[in-house]
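Here are my notes on the structure, written as numbered points. Please keep the 3D view open while reading them.

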Amino acid sequence: MRKTCLNCIYELAKKDSRVVFIGSDIGAGTLDEFKRDFPDRFFMEGVSEQNIVGMAAGLALSGKIVYINTIATFMTRRCYEQILLDLALHHANVRLIGSGGGFVYGPLGATHEVIEDIAIMRVIPNMTVVAPADAEEMKRLMPQTLEWKGPIYIRLGKGGEPIVTLPELGFDIGEPILMKKGEDVLIISTGIMLGCCLQAEARLKKSGLSCGVLHVHTLKPLNEKVFLKEIKNANIIVTVEEHSIIGGLGEATAAIIAEANFKKAKRFKRLGVPDVFPEIYGSQDQLLEKYGLTADNIEDTVLKLREG
Amino acid sequence: MEPKIDINFRKEILDVLNCSRRGHVASAFSIVEVIKVLYDEVLHYKANEPAWMDRDRFILSKGHGCLALYVILAEKGFFPKEELRKFCAPEGILGGHPEYGKVPGVEFSTGALGHGLPFGVGVALAGKIDKKKYRTFVLLGDGECQEGSVWEAAMCASKHGLSNLTAIVDYNKRQAYGSIYEVQSIEPLKDKWESFNWAVKSIDGHNTDKIREAFHQLPFDNKKPSLIISHTVKGKGITLLEKESLWHHKSRIKDEEMAELFKDLAKER
C-alpha cells in the first residue's frame, strides 16, 4: 500500500508542478525516481517532524501541494500542534501519509505502534482522515488528493494486504462504501479491517445470517446521511477498527446512533483495542488476534448480540 | 547619546490597549523600531493587495507582540484604523494573537511559539523553487528560542542555503516569568546561530540607523540565511513596563494604571 501510495505521488508530480514531497528519514531509495526527475521538489529533511510540518505549511500557502511521509506515530503525535495550527487552521493543502498504521510495527513496541492516530486527527477542525483498505483503493484515493481542500491524514497499512475493494463500487473521499447489502446485521469497518469483516460476513452468510458490510475509508468528513440510511434497517451493529475504542470509528458510530433516537434500540458493539498500551510484542496479526480483531471474533460477536 | 525612540507609535499602541485593557504591551514595545523600519523602508508590499504574489513576507513569530504589527498594518492601510478600537472584541478582526485569513497583511497565525521559522523556511523554499525574488522575514522572541522547533528550522534553512530568509531575534532579555538568564539562558546566542551556519549580526534594536544599516546589508552571506540579533528592552519607553515582569501580559488594566502608562511615556527622557 505504501509503495502504491508513493508511486501515485510520483505520478501526480509528473502531471502537476505544484506537487512537492517531503520525507523525514525514511527508507533508502524511497522515491528515487521522484528525486531524479524533480530534484527541486524532493526533500529529505531528517528527524525533525515539527519543522517538516511547519515548512510544508509555508510551501502550501505559497501554492504548493505537499505530500509528507514518515512513520504514522511521528507523523501524528510528534508534531501535533503543528498539524493543528500550521495546517488545519490555515486550510493548508498538505497530505500527511502515515506509514505503519495500527499494529504494523508490533514487534517494535509502543513507541512505533499507533492506535490513537485516527482519534487525534479526527478531533481537529478542517482535517480529513482516510484509511484505505488495500492498494487498489489507494490508487483510487490518491488522484482525488490533488484538488481536495485542506489537510488530509492518510493511514497506511503494512503492504501486501489482500485486495478486497471493488473498482465498480467507486471511491469518493467522504463517502462510505456499502460492500455487502444485508438485512438484520451491519458490520462497519475502516482501513484494512475490511478484509476480516468480509470473511466474517461470508461465514455468517453460510450459517444463514444476512450481514451488511459498510466500509468507512474516510473517518472525517463522515457522511452521516449514508450512515443513517444503512444503520436504520439493522438491529445489530458491530464496528471494527485497528485502533483504540476511544475516539475512532466505534465512538463516531455510537454518537450517530445515540442522536438518531431510533424507536427500537439497536444492539451495538465496538471491536477495537481497549484503553491500554499494547501489552505484548509480536506481528501485526498476533496483536490483532490478542485484541480480538479477527473474523472469528467478529462472527462470535454478531452471534452473541443476536442471542441477546 | 541614546537613540530617539518612537513615542507616537507607542502612544498608538497604548490607545489600542486602552480599548481592550488587556494585551502583551511590553512585548510590542520592544519591537517598535524594527517593525517601523521594515514596513517603512525594507519590505515590498501592496496594502490594497495583501496577497500580491511578489510581496516580501513578514511573519511575526512572536505573535504576542501583535499590538505593534496591528498599528503598523493599519497605518499602512491594510485595514481601516477603526479596527484598532475593536482589539480583542467579538465584532473585530484583531485578536490577542494575529490570525491569517482574518487580518489583511498577516501571513501566518502565530501565538504558539516556535512555529514561525519552520513556516518561513517553507515560504522561502517555495520562492526558490519558483525562482521568485521575494524575501522572507521572521521575527522571533528570545524566549521563543527555547523551543526545539526553532533549531530544527535553523538547521533546515542553512542546509538549503536560504539567503532569501532573514530571522530577527528580539532579544529583550525578559520572558513571562522573569529574566531569560534565570529561566533558561539562550547564550551564547550569536555562537549558536553561527554554528547552525547562519550569517549573524547584532544591533541595537532601538537605534533606527543601525536597524536600517543591517537590513540594507542583507543577505549577510550569499549562501546562508541571515540572523539579526536585535538587542532591545522589553517595554522600552515606559519605566513601569521596563522594570516589572508582571506586565508581560496584563488583563483588566485599571483606569489609573492606564493613566500612569500614558504619563510615563510622555515623560522627557
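**Notes on the two chains**

1. Cys88(B) sits in the loop between helix H4 (66-76) and helix H5 (116-129) of chain B. Its phi is near 65°, which is a positive value in a residue other than glycine. Please keep in mind here, and in every point below, that the model is predicted.

2. Lys131(B) belongs to the loop between H5 and E2 of chain B. Is Lys131(B) buried or exposed? Lys131(B) counts as exposed, because it has 7 C-beta neighbours inside 10 Å, and a residue with 12 or fewer is put in that class.

3. In chain B, Glu187(B) and Pro188(B) are joined by a cis peptide bond, with omega about -5°. Pro188(B) lies in the loop between helix H7 (180-184) and helix H8 (189-195) of chain B. In chain A, a cis peptide bond links Lys220(A) to Pro221(A), and omega is about -5°. The loop that holds Pro221(A) runs between E10 and helix H9 (224-232) of chain A.

4. The sheet of chain B comes next. It is an open sheet of five strands, in the order E1-E2-E3-E5-E4 (chain B), with parallel pairing. Strand E1 (57-60) and strand E4 (199-204) of chain B are the edge strands, each pairing on one side only. From one strand to the next, the twist averages 20°. Helix H9 (residues 208-216) of chain B packs on this sheet and touches E4 and strand E5 (226-231) of chain B. The direction of this helix makes about 165° with that of E4(B).

5. Four bridges connect E1(B) with strand E2 (residues 136-141) of chain B, in the parallel sense. Within this pair, Phe58(B) stands opposite Phe137(B) of E2(B).

6. Chain A has an open sheet of seven strands, in the order E2-E1-E3-E4-E6-E5-E10 (chain A), and its pairing is mixed. Its edge strands, which each pair on one side only, are strand E2 (42-44) and strand E10 (218-220) of chain A. The twist averages 20° from one strand to the next. Strand E1 (residues 19-23) of chain A runs parallel to E2(A), and three bridges join them. Phe21(A) is opposite Phe42(A) in E2(A). Helix H1 (residues 2-15) of chain A packs on the sheet, where it touches E1, strand E3 (65-71) and E4 of chain A. Its direction makes about 140° with that of E1(A).

7. Which way do the residues of strand E6 (residues 152-155) of chain A point? Ile152(A) and Ile154(A) point one way, Tyr153(A) and Arg155(A) point the other way, and all are buried. Strand E4 (residues 94-99) of chain A runs parallel to E6(A) and is joined to it by four bridges. Strand E5 (residues 128-130) of chain A is also parallel to E6(A), with three bridges. Tyr153(A) is the bridge partner of Leu96(A) and of Val129(A). From E5(A) the chain crosses through helix H7 (residues 135-141) of chain A to E6(A), a right-handed β-α-β crossover.

8. Chain A is divided into domain 1 (2-155) and domain 2 (167-307). Their centres, taken over C-alpha atoms, are 26 Å apart. In the contact, 28 residues of domain 1 meet 30 residues of domain 2. On the domain 1 side, helix H6 (117-122), E5 and H7 of chain A give two or more residues each. The largest share, four residues, comes from H7(A). By class, this side has 15 nonpolar, six polar and seven charged residues.

Conventions: Residues are numbered from 1 along each chain as its sequence is written. Chains are lettered from A and ligands numbered from 1 in the order in which they are written. This is a predicted model: local features need pLDDT of at least 70, side-chain atom pairs count only at pLDDT 80 or more; totals for chains, interfaces and linings use all residues. A residue is buried if 20 or more other C-beta atoms lie within 10 Å of its own, exposed if 12 or fewer, and partly exposed in between; C-beta atoms are placed from the backbone. Two strands pair if DSSP finds at least two bridges between them. A crossover is right-handed if, with the strands pointing away from the viewer, the path from the first strand over the helix to the second runs clockwise. Axes are lines fitted to C-alpha atoms, for helices over the stretch in contact, and angles run from 0 to 180 degrees between N-to-C directions. Two residues are in contact if their C-beta atoms, placed from the backbone, lie within 7 Å. Domain bounds come from an automatic or database domain assignment. Ala, Val, Leu, Ile, Met, Phe, Trp, Tyr, Cys and Pro count as nonpolar, Asp, Glu, Lys and Arg as charged, and the others, Gly among them, as polar.
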